[in-house]
Amino acid sequence: MQNYPNSFDTATEQALKEHVMFGGPWRGPLIVRGEGVYCYDRDGKAYLDFESQAWSLALGFGNKEVMNAAFEQAQFLYHMKGGLNTFPRLKLVDKILSLVPDGFDRVSFEPSGSIANEAAMKIAMINQPDARYFISLYHAFHGNTLATSAAGWHATKAKGTYGGGKKYIGFMQNFVRVPNPYCYRCPYGKECGSCDYLCARELRNTIQYGVSGPVAAVILEPVQGSGGQIPCPPGYLARVREICDEFGTLLIFDEMQTGFGRCGTMFAMDHFGVVPDIFTIGKAMGNGFPIAGTVINKKLKGFQDGTDDNFTFCNNPMAQAAALKTIEIMLRDKVPENARAMGEVLTKGLTELQQKYPVLGDIRGPGLHIGVEIVKDPETKEPDAALAAAIYENGLANGVIMGLAGSSPHVIKIKPPLIITAQQCASFLERFERSLQQATQKS
């Protein structure tokens with residue numbers, strides 16, 4: 001075995017696993033290094049990484065330019081408290097505001113996406129002091145803190161039983177959920193495009209009649225990620241924008257997964273042509289370095305007290321320098337455009353496989369934000385979580401890492417680094433078909 005930093009034998013690995021409280025289920029091998037779209041386990045086996053490590057490695061593993069920018073910054077300053085400024089912090093604010101529609105004028109940085117979404121909620125409450133409620137969508141995911149987990153599927157019967165969030169139910173009383181625009185499984189039994197946005201009408205009814213007092217904000221993902229890779233259909237977000245304006249309710253876009261290129265545009269708001277009042281960013285922005293942010297419209301009051309949104313690690317010069325370099329590369333190398341083109345390649349290939357394998361019930365994008373819904377029967381659309389898990393496990397054996405949706409474990413998430421090539425897409429499609437064949441033969 002190569003002498004990797006901090007390495008040890010497999011027996012020690014198995015013993016130490018018992019002492020780790022994992023942030024997610026233990027899935028797959030012990031990874032020791034990565035390069036580009038590949039990562040390698042302790043035995044040297046290569047894996048195509050088609051989940052970008054929680055969708056964060058937009059430029060793949062080990063990007064030398066990003067690492068050099070971070071390490072160069074670290075030689076001068078690698079930690080600073082929130083109340084003192086740095087060159088990279090100010091420059092990153094300026095860069096982000098140059099990329100977004102007119103009207104946004106302030107950015108706060110947080111150490112994680114969950115906390116950035118909480119910051120957005122705080123801003124909403126500052127600006128709506130008489131409101132105590134928020135509205136989120138079915139299948140939503142906005143984080144794992146006490147406040148943000150209340151917005152998602154954690155405490156609902158997302159998998160047929162109440163999720164792990166139910167143990168925190170005492171902190172989950174301020175969210176009201178409304179139907180999401182899940183066209184493949186429309187809660188109203190309608191065909192996509194023929195419903196006149198019944199789910200948006202339900203949102204309006206809820207704001208008007210379904211809560212005891214005003215609503216501070218509607219928070220949503222333009223493309224739901226953890227909940228099943230569910231994109232908002234054309235026109236839905238524009239209708240939501242109109243409803244929020246009608247009732248004076250703020251609109252928050254959670255762009256943690258969609259921001260910085262994944263949908264084929266820099267932000268999902270660009271893809272859908274709808275502008276929120278507040279949006280949150282992170283994940284791909286730092287290409288693996290921990291950084292997230294909250295961006296607000298100039299019409300809104302911001303944080304007015306130094307204790308409102310201050311964290312020990314909210315001002316990380318290394319992560320800020322990495323984010324600046326990541327954005328520079330995305331613009332220089334037209335990375336969002338590549339995501340759009342390669343998304344079309346993968347979607348076309350998967351759609352062709354769908355003709356041979358009807359268990360691929362639905363394939364949806366946009367860009368490299370792809371979901372594949374696994375079903376027992378394409379007519380009944382009965383979900384098949386066991387088959388999806390088998391495809392995932394066979395994928396590992398065939399050298400490809402994919403994702404499984406949290407509240408929809410029958411949905412496979414295909415979200416590679418945005419630098420993926422057509423040749424690598426072809427390699428993935430071959431491995432995916434092999435994994436699918438192996439799984440269906442055993443079932």
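Visitor: Okay, a salt bridge is a side-chain nitrogen of Lys or Arg within 4 Å of a carboxyl oxygen of Asp or Glu. How many does the structure hold?

Guide: It holds 20 salt bridges. Keep in mind that this is a predicted model, where local features need pLDDT of at least 70 and side-chain atom pairs count only at pLDDT 80 or more, while totals for chains, interfaces and linings use all residues. Residues are numbered from 1 along each chain as its sequence is written, and side-chain values use heavy atoms, with hydrogens and water left out.

Visitor: How far apart are N and O in the D362 and R364 salt bridge?

Guide: 2.7 Å, N to O, between the two side chains.

Visitor: Is D362 buried or exposed?

Guide: Buried, at 18% relative accessibility. The cut-offs are under 20% relative accessible area for buried and over 50% for exposed, with partly exposed in between, using a 1.4 Å probe and protein chains only. R364 is buried as well, at 7%.

Visitor: Switching over: what does E433 form a salt bridge with?

Guide: K356, with the closest N and O atoms 2.6 Å apart. This pair links distant parts of the chain, 77 residues apart: E433 sits in helix α13 (residues 422–442) and K356 in helix α11 (residues 335–356). Helices here are DSSP runs of H or I with at least four residues, strands are runs of E with at least two, and both are numbered from the N terminus.

Visitor: And is K356 buried or exposed?

Guide: K356 is exposed, at 53%, whereas E433 is buried, at 17%.

Visitor: What about D333, which residue does it form a salt bridge with?

Guide: R332, and their closest N and O atoms are 2.8 Å apart. D333 counts as partly exposed at 42%, and R332 counts as partly exposed at 43%.

Visitor: New topic, sheets. What is the order of the open sheet of 4 strands?

Guide: β13-β14-β17-β16, with antiparallel pairing. The edge strands are β13 (360–364) and β16 (403–404), each pairing on one side only. For two strands to pair, DSSP has to find at least two bridges between them.

Visitor: How many bridges join β16 to β17?

Guide: 2 bridges, and the strands run antiparallel, with β17 covering residues 411–414.

Visitor: Which residue in β17 is the bridge partner of L404?

Guide: That would be I412.
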